[in-house]
Amino acid sequence: MTIRHVGFLGLGLMGSRMALNLKKKGFEVTVWNRSAARAEALKSHGIHVAKTPAQVAQVADAFCTCVADVAALREVALGNDGLLSTAKSGQLFIDFSTVSVALVQELGAAFSAKGIDVIDAPVTGSKNGAEKGTLVIMAGGSEAAMARAQPVFQAVGEKVVHCGALGAGTQVKLAGNGLIAAMLQAFSEGLLLTSKAGVDPRKFIEVVQASGFRSPYFDFKGKALLERDFSTHFSIDLMHKDLTLLVENAAVHRVPTPSAAAMKETYAFARAAGKGEADIGAVITAYEDVVKHQLKQG
Ligand code: NAP
């Protein structure tokens, strides 16, 4: 089945922007979102709105999901009026959410029994990458399904890495988010320490960015943290979810991940302090609360 009509379910920070890019690239697009207002907001762009996930699967050649977590994806895919209830042989299911490998494989079994290929295709690049269509996609699935998915991938991303069989994309995504959390953690600790010790934290950033450990991520987050801009690109709640998934996944494989386990608890502290919906950059404010010092430029 050639993919002309794409369904998109989950119109949060990421999904709303990805759905718009699919429309801009010429696909007919039908969306569904739990809170209807987010779907209605896309109507003015010529995007159709469905009342249930089942209605999306009735009309689309391929359907994509980008919802918060395991419970959300299970509901959208397998619940009452879920995608599976009306999905037909020959369609393609691409999940862009970050969920567990176990759920991705469960979906693979359930949908392939009806003749529908499933690809797990978590992304990185956050809100700005979703907006610009420059996401990096790490995908798991068969070669044939990957080939069919390429036009969809090209509409939302700039690089696709085929990581292996179904579940492999998620495996890589969880490991990658452990790295992002660790980078941000050490960066935040370094900024706060230099600042509290009376040294301009911009000197810390200048040295890091002149070294072999430089990263565009530190340019982006360094500016945001120094300006105290905690507007949400990727929430503390979602990073806590990913670190929890990473630690659980590591336990399955008997791989110790002490760094991820410690960071998971840092994010738990930030959530307990009511910061769950803020950007992950706001984790630094949880440290600030403890040391009673607010990051400031010298
Ligand atoms: P978000 O802005 O919080 O949006 C979450 C979406 O999930 C919303 O559409 C929400 O619907 C829906 N949802 C939540 N619970 C649901 C349920 N029980 N049933 C149905 N729908 C439900 O999240 P996001 O930042 O777009 O992230 C979406 C996914 O992409 C997550 O898995 C996240 O880990 C992953 N991701 C995010 C980023 C990032 O930088 N933000 C980067 C890579 C990957 P409502 O509108 O009704 O609340």
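Author: A polar contact is a pair of N or O atoms within 3.5 Å. The model is predicted.

Reader: At the start of α11, which side chain reaches the backbone nitrogen of Tyr217?

Author: The atom that reaches this nitrogen is a side-chain oxygen. It comes to within 2.9 Å. The residue that carries this oxygen is Ser215.

Reader: Which helices do the buried residues of α11 pack against?

Author: Helix α11 covers residues 216-226. Its buried residues include Tyr217, Phe218 and Leu225. These buried residues pack against α9 (168-196), α10 (201-209) and α14 (283-291).

Reader: Which residue just after α11 takes a positive phi?

Author: The phi is about 55°. The residue just after α11 with that phi is Arg228.

Reader: How much of the ligand does the protein bury?

Author: A polar side-chain atom of Ser126 lies 2.6 Å from a ligand oxygen. A backbone N or O atom of His233 lies 2.8 Å from a ligand nitrogen. Taken alone, the ligand exposes 900 Å², and the share of this that the protein buries is 87%.

Reader: Which element gives the most to the shell around the ligand?

Author: The shell has 24 residues. Two elements give two or more residues to it: α4 (70-78) and α12 (236-252). With three residues, the element that gives the most is α12.

Reader: Where does the ligand lie relative to domain 1 and domain 2?

Author: Domain 1 spans 5-164 and domain 2 spans 171-296. Both give residues to the shell around the ligand, so the ligand lies between domain 1 and domain 2.

How values were computed: Residues are numbered from 1 along each chain as its sequence is written. This is a predicted model: local features need pLDDT of at least 70, side-chain atom pairs count only at pLDDT 80 or more; totals for chains, interfaces and linings use all residues. Side-chain values use heavy atoms; hydrogens and water are left out. Buried means under 20% relative accessible area, exposed over 50%, partly exposed in between (1.4 Å probe, protein chains only). Helices (H or I, at least four residues) and strands (E, at least two) are DSSP runs, numbered from the N terminus. Contact means heavy atoms within 4.5 Å. A polar contact is a pair of N or O atoms within 3.5 Å; within protein, one must be able to donate a hydrogen and the other to accept it, and residues adjacent in sequence count only if both atoms are side-chain atoms. A residue is near a molecule or strand if one of its heavy atoms lies within 4 Å of it. Accessible areas come from the Shrake-Rupley method with a 1.4 Å probe; for residues, only the protein chains shown count as cover. Domain bounds come from an automatic or database domain assignment.
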